[in-house]
Amino acid sequence: MEVIVNGKIEEIESETILKLILGKSLNPNTLVIEMNGKIIIKDNWENTKIKQNDKIEILNFVGGG
Amino acid sequence: MSDNLKIGNMEFTNRLFTGTGKFSSRSIIPDMLKASGSEMITVALRRVDFEAGSENILEFIPKNVIILPNTSGARTCDEAVRIARIAREAGLGDFIKIEIITDTKYLMPDNEETLKATKILSAEGFIVLPYIMPDLTYSYKLVDAGASAVMPLGSPIGSNRGIKLKEIIEMIIENIEIPVIVDAGIGRPSHAAEAMEMGADAVLVNTAISVAKDPVTMGRAFSMAVQAGRMAYLAKIGEETRTANASSPLTGFLR
């Protein structure tokens with residue numbers, strides 16, 4: 001299915017947030033996830049299903065002034 | 001006598017705030033914080049770069065240091081509000097530095113959008129620290145909007161040029177009742193001391209520390225300058241005059 005991840009259209013197989021993150025080889029501990037404008041807390045990544053056209057933001061805190 | 005700075009619900013003994021940007025190695029940050037004694041440090045929120053992998057600046061910030069997320073990257077009120085809400089939901093607390101910029105050459109903040117975002121976020125219980133172009137009228141409006149401090153810029157971000165907008169910042173310091181934190185452009189400890197001598201409540205320094213050859217020692221140098229400037233302000237600096245006022249007696253000369 002097609003979803004928008006960090007502003008780009010992606011064709012994905014993953015059906016949950018957690019699988020999407022792991023599929024990208026990212027360390028889950030460092031991430032903030034927003035889906036369709038709402039934050040999804042870490043406890044819910046495993047049971048949050050991704051649907052066609054969902055907008056997912058995979059964010060992290062970085063250095064800045 | 002204690003001379004703590006109160007912002008929102010927090011009290012600070014150290015009036016140097018720092019930033020996490022542009023360190024050659026992020027592992028220097030804890031040592032810099034220790035050497036400077038800085039009690040609050042900024043971070044930014046970005047999309048993960050899938051090529052580079054995720055990073056987590058938070059793991060380099062000791063638990064006793066308050067995190068001040070900024071809204072850098074926001075060009076509008078709405079974008080800044082969104083970033084602030086994400087940072088709070090991610091567990092970073094209630095402090096937020098509003099930074100709304102469309103001008104890419106000088107990185108001048110948009111005071112109008114910043115005022116709008118301040119109203120919205122302070123109503124939601126955030127401790128709002130807006131980064132602003134020094135302007136007395138906007139400062140009054142930001143106080144009314146619920147800002148917990150104002151952060152006027154000294155000169156463009158990362159320019160190291162010092163306090164070029166001194167007279168306007170002095171007006172703000174003299175006239176508004178919330179803390180004034182001089183942010184941006186402070187390039188050397190003497191600039192920080194100057195801001196504190198003017199009566200600024202604190203300064204925020206990032207680039208000048210992080211890009212120094214020795215950021216740990218530079219952090220300490222800034223901290224000492226901030227303390228010296230604050231002490232001088234409290235001790236009341238003498239007035240300037242056009243002509244000399246002899247410091248030795250003008251009588252009883254040996255002649």
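Predicted model: local features only at pLDDT ≥ 70, side-chain atom pairs only at ≥ 80, totals over all residues.
Just after helix H2 of chain B, Gly91(B) takes a positive phi of about 95°. Residues are numbered from 1 along each chain as its sequence is written, while chains are lettered from A and ligands numbered from 1 in the order in which they are written.

**Helix H2 of chain B**
- Buried residues in H2(B) include Cys77(B), Val81(B), Ile83(B) and Ile86(B); buried takes 20 or more other C-beta atoms, placed from the backbone, within 10 Å of the residue's own.

**Chain B overall**
- Chain B has 8 helices and 10 strands, taken as DSSP runs (H or I, at least four residues; E, at least two).
- Of its 255 residues, 46% count as buried.
- The C-alpha trace of chain B spans about 85 × 40 × 40 Å along its principal axes.

**Where A meets B**
- The contact takes 18 residues from chain A and 28 residues from chain B, with C-beta atoms, placed from the backbone, within 7 Å.
- On chain A's side, S5(A) gives the most, with 7 residues.
- S5(A) and strand S4 of chain B (residues 40–47) run antiparallel, joined by 5 bridges; pairing needs at least two DSSP bridges.
- In that pairing, Phe61(A) stands opposite Leu45(B).

How values were computed:
Contact = placed C-beta atoms within 7 Å. Buried ≥ 20, exposed ≤ 12 C-beta atoms within 10 Å, placed from the backbone.
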